[in-house]
Amino acid sequence: MPRDNNNHKKQAGVLLHISSLPSGDLGQDAYQFVDFLASSGVSVWQTLPINMPHADNSPYQCVSAHAANTAFISLQQLAKEGLIAKSDVQLAHSEALCLAYGNFIKNGLQEAFKDFCHQHQAWLNDFALYSLLRKKFSNAGWNQWDELYKNRDTAALKAFQTEHASAIEQVKFHQYLFFKQWDALKKYANANNVALFGDIPIFVAYDSAEVWAKPSLFKLDENNAMTVVAGVPPDYFSETGQRWGNPHYDWDEMAKDNYAWWVARMHTQSELFDLVRIDHFRGLEAAWEIPSNEETAMNGTWVTAPGDALLAAIYAQCPDIHLVAEDLGIITEEVDALRLKYNMPGMKILQFAFGGDETNPYLPENIEENSVVYTGTHDNDTTLGWYQQAGQETKDHLHHYLQNEQPDMPSALITLAFSTEAKLAIVPMQDILALDSAHRMNTPGTIDNNWAWRFTWEQLTDEHQQQFKQAVKDAGRAVNV
């Protein structure tokens, strides 16, 4: 958990992605949201991955493990700094960013930008090249580019860099703008005793700058095509499992330089966040490998991963990093042992707690201190939606547990999450606003109507604020209130 200045044992957090702010960016609404958290005694703001997504906007399938989503850059902030005119904030986002670059270079390149490029050169150069080449080939995946570019022919890349030097620099500049705005927000949040909690998918997309730049680190064939893809086997959620389609890591190759690729990835995360969740943590112990020619995830195999050696390298070279393990689903003793060896908190979801027996690990009394407890996550329905659609057995169990046949939902589940022994209890913003299924963030296994939800300040009534603030305080989780 992040350092708590007031020495409170337990903390409260809120889950809200940047895209779900009213403006969807790092401008004034982000600062106002920090103010809301601080005034509520909340000390953690959790987001989804902030990397640049593909066209489907999923933050879990990104074009880079390092580069940030430039759609989050606040044009209003750029206007305040004089990089664009006030009237330019009405322009298309990409057009306004182009103007900002044009205005920036009129005065010569500033040292801060040069320093940023130098600090992040290990990934920034490849990402900028990849971005421009992707544009050249009409946003096709790198495996569909002309052979010279696909296979990183040195002469071809050098000629392309020379020809497009200004455009490549502009890509870097947009990353600089994001990191600058993020750093300012992080400083503001931390000054108000709010820690930023990030999230990374364990795997990267095949069509990403990282796989294109370093294909040897992934299980690809001689034509750089995937031999196996990631996913999870069939379970009670899906009869055919989930075929995610990401490439698997070549762990033997990564081990040769003590997992430098992963360490660099975590360095970037630790620059951006105070603590970081590793999605699908169990894949660091063993991952489900599916032959790439299989259409479903049914015919895969579990392949052991070097999680112990990897985490040892990460913690040794990023000593200040705080990691959380997403350990939902069917978890083996080996996965638990790996998490516990590094004292990483696991996750518990209260929406999974009811309808079974007393051995359910998500029941409040079974939640250990070294946990992050949630009413639900971005992959679940809102708590009100979940309750409205729950089966009678689940409702009966919940009602009996609460000793209340007509609980006020979702506040009853929020109070229950806060009452657990978990160090950190996190509530999605939708639950604070008491919103139903129409406002859920993502429905796993579907590709439409996801990742688009935003709240409005009008939805956050004084009653909602006071009720939430009181719940945080009553549970002994409030900071500075």
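**Notebook: the sheet and the chain**

Strands here are DSSP runs of E with at least two residues, helices are runs of H or I with at least four, and both are numbered from the N terminus. In this pairing Trp-45 stands opposite Leu-196 in E3.

I noted that the model is predicted, so local features need pLDDT of at least 70 and side-chain atom pairs count only at pLDDT 80 or more, while totals for chains, interfaces and linings use all residues. Residues are numbered from 1 along each chain as its sequence is written, and side-chain values use heavy atoms, with hydrogens and water left out.

I then traced the open sheet: its eight strands follow the order E9-E6-E3-E2-E1-E12-E11-E10, with parallel pairing. Two strands count as paired if DSSP finds at least two bridges between them. Strand E9 (323–325) and strand E10 (346–349) are the edges, each pairing on one side only.

I looked up the helices next. Helix H11 (residues 260–272) lies across E3, strand E6 (275–278) and E9, at about 150 degrees to E3. Angles run from 0 to 180 degrees between N-to-C directions, with axes fitted to C-alpha atoms, for helices over the stretch in contact; contact means heavy atoms within 4.5 Å.

Buried residues make up 57% of its 481 residues, buried meaning under 20% relative accessible area (1.4 Å probe, protein chains only). The C-alpha atoms fill a box of roughly 70 × 55 × 40 Å along the principal axes.

Note on methods
Buried < 20%, exposed > 50% of the residue type's maximum accessible area, 1.4 Å probe, protein only.
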